Amino acid sequence: MTSALLATSAMIAAIVISATAGDILTASAMRQVGDLDVIRQRSGILGAAGAVVTNGRFGLGVICLALSFFSLLFAFSHRDLSLIGPAATSLTFVTNALAAKFFLHENVDRRRWTAALFVCVGVALLAF
Amino acid sequence: MNSRHSMTFRRYLVLGVITITASCGDTFLARGMKSLGPVSLAHPGALIHAIFSPWVASGIVLLIGFFASYLTALSWADLTYVLPASSLGYVIMTLLAKFWLHEHVSPLRWLGVVFITAGVGFVTRGPSYTDHSHHHATPAAHSPSETNTEPMAEEAHR
């Protein structure tokens, strides 16, 4: 493996890992908080916003999503948008499905795997 | 039955808002930044100036709307349902690129659009939420610390 290929792989991995961690932490936070529609009916929109922003996992998730965004910007400054964008986005669909199964215990059945893989391939094809 | 299980018209509408705000927000940002030209890191003030341009400002407002709708959807649906179901945004972005920004869209990109649409079709025909209610009785209101029984905190049970 050449050093350029290794560097590109590391950049894509950094984006995918931080984006997946951000998505999983955010989703976990929203499960902790509960149905926002119910909270909004009970406490108003400020109550719903307060329940979200005071959740620790939400804060960690936002930090991870910010890291992912800056990793993406860093990668864009070194590699082509047409390579980094679709590669990182499509891989994140697969890693999110894996992480949601193991960390959030979501029921990722054959239908959801098929959907994740179809969207992953579709997003990758958008690069051409 | 827990209200988190059923997909109502209003909830499909929230997924639609996620799709439209994400794709339009990104397209507006791209449109605004293209009209401003390249921004050098040596002149960060240009980025501040960019925020106040109409296209970029509109894009930011749309992306704030996207994040609020995305969080709402995650409060009653699984991540593995919301992400594929809202990926029609890529299709809308391709259509906007073709018919509004007049970019060339290759046959392989159209094939990608078909794959994404099929993926959305698969996931939206299945259940939207994995039931964990046997581990905790009621959804939380304002005290997340009181309901720390969600999947990442509980023991693996599958």
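**Figure 1. Helix α5(A) against helix α6(B) in the predicted model.** In this predicted model, the two helices pack at an angle of about 160 degrees, with their axes 7 Å apart, and α5(A) and α6(B) are therefore roughly antiparallel to each other, since the angle is over 145 degrees. The crossing of α5(A) and α6(B) is left-handed. On the side of α5(A), the residues that meet α6(B) are R111(A), R112(A), T114(A), A115(A), F118(A), V119(A), V121(A), G122(A), V123(A) and L125(A). Their partners in α6(B) are L108(B), R109(B), L111(B), G112(B), V113(B), F115(B), I116(B), A118(B), G119(B), F122(B) and V123(B). By residue class, the contact of α5(A) with α6(B) divides into 14 nonpolar, 4 polar and 3 charged residues. An α-helix has 3.6 residues a turn, so residues three or four places apart point the same way.

**Figure 2. The side of chain B that touches chain A.** In total, 42 residues of chain B are in contact with 44 residues of chain A. The elements of chain B that give two or more residues to this side are α3 (54–74), α4 (79–85), α5 and α6, and α6(B) gives the most, with 11 residues. The residues on the side of chain B that touches chain A divide into 21 nonpolar, 16 polar and 5 charged.

**Figure 3. Helix α5(B) and the elements around its buried residues.** Helix α5 of chain B, residues 88–99, has 12 residues and reaches 17 Å from its first C-alpha to its last, which is close to the 16 Å expected at 1.5 Å a residue. Within α5(B), the buried residues are L88(B), G89(B), Y90(B), V91(B) and M93(B). These buried residues pack against elements of both chains, namely α5 (110–125) of chain A together with α1 (9–36) and α6 (107–124) of chain B.

**Figure 4. The crossing of α1(B) and α5(B).** Helices α1(B) and α5(B) pack at an angle of about 40 degrees, with their axes 8 Å apart, and that angle makes α1(B) oblique to α5(B). The crossing of α1(B) and α5(B) is right-handed. From α1(B), the residues T19(B), I20(B), A22(B), S23(B), D26(B) and T27(B) meet L88(B), G89(B), I92(B), M93(B) and L96(B) in α5(B). The residues of this contact divide into 6 nonpolar, 4 polar and 1 charged.

**Figure 5. Helix α1(B) along its length.** The 28 residues of α1(B) should span 40 Å at 1.5 Å a residue, and the end C-alpha atoms of α1(B) are 40 Å apart, which agrees. Buried in α1(B) are V14(B), L15(B), I18(B), T19(B), T21(B), A22(B), S23(B), C24(B), G25(B), T27(B), F28(B) and R31(B). The buried residues of α1(B) pack against α3, α4 and α5 of chain B. Just after α1(B), G37(B) takes a positive phi of about 85 degrees.

Figure 6. The C-alpha atoms of chain A fill a box of roughly 55 × 35 × 25 Å, taken along the principal axes. Of the 128 residues of chain A, 48% count as buried. Among contacts in chain A between residues at least 6 apart in sequence, 76% join residues at least 24 apart.

**Figure 7. The surroundings of W113(A).** W113(A) has its place in helix α5 of chain A. This tryptophan is partly exposed, with 17 other C-beta atoms within 10 Å. Leaving aside its neighbours within four places in sequence, W113(A) is in contact with A97(A) and V108(A). By comparison, the C-alpha atoms of W113(A) and Q32(A), 81 residues apart along the chain, are separated by 25 Å.

**Figure 8. H105(A) in the loop between α4 and α5 of chain A.** H105(A) is found in the loop between α4 (81–103) and α5 of chain A. H105(A) has a positive phi of about 55 degrees although it is not a glycine. Most residues other than glycine have a negative phi. With 19 C-beta neighbours inside 10 Å, H105(A) counts as partly exposed, because a residue is buried if 20 or more such atoms lie within that distance.

Notes: Residues numbered from 1 in each chain as written. Chains lettered and ligands numbered in written order. Predicted model: local features only at pLDDT ≥ 70, side-chain atom pairs only at ≥ 80, totals over all residues. Helix = DSSP H or I, 4+ residues; strand = E, 2+ residues; numbered from the N terminus. Expected span 1.5 Å × (residues − 1). Buried ≥ 20, exposed ≤ 12 C-beta atoms within 10 Å, placed from the backbone. Contact = placed C-beta atoms within 7 Å. Axes fitted to C-alpha atoms, helices over the stretch in contact; angles between N-to-C directions. Parallel < 35°, antiparallel > 145°, perpendicular 65-115°, else oblique. Left-handed = near helix turned anticlockwise from the far one by under 90°. Nonpolar A, V, L, I, M, F, W, Y, C, P; charged D, E, K, R; others polar.
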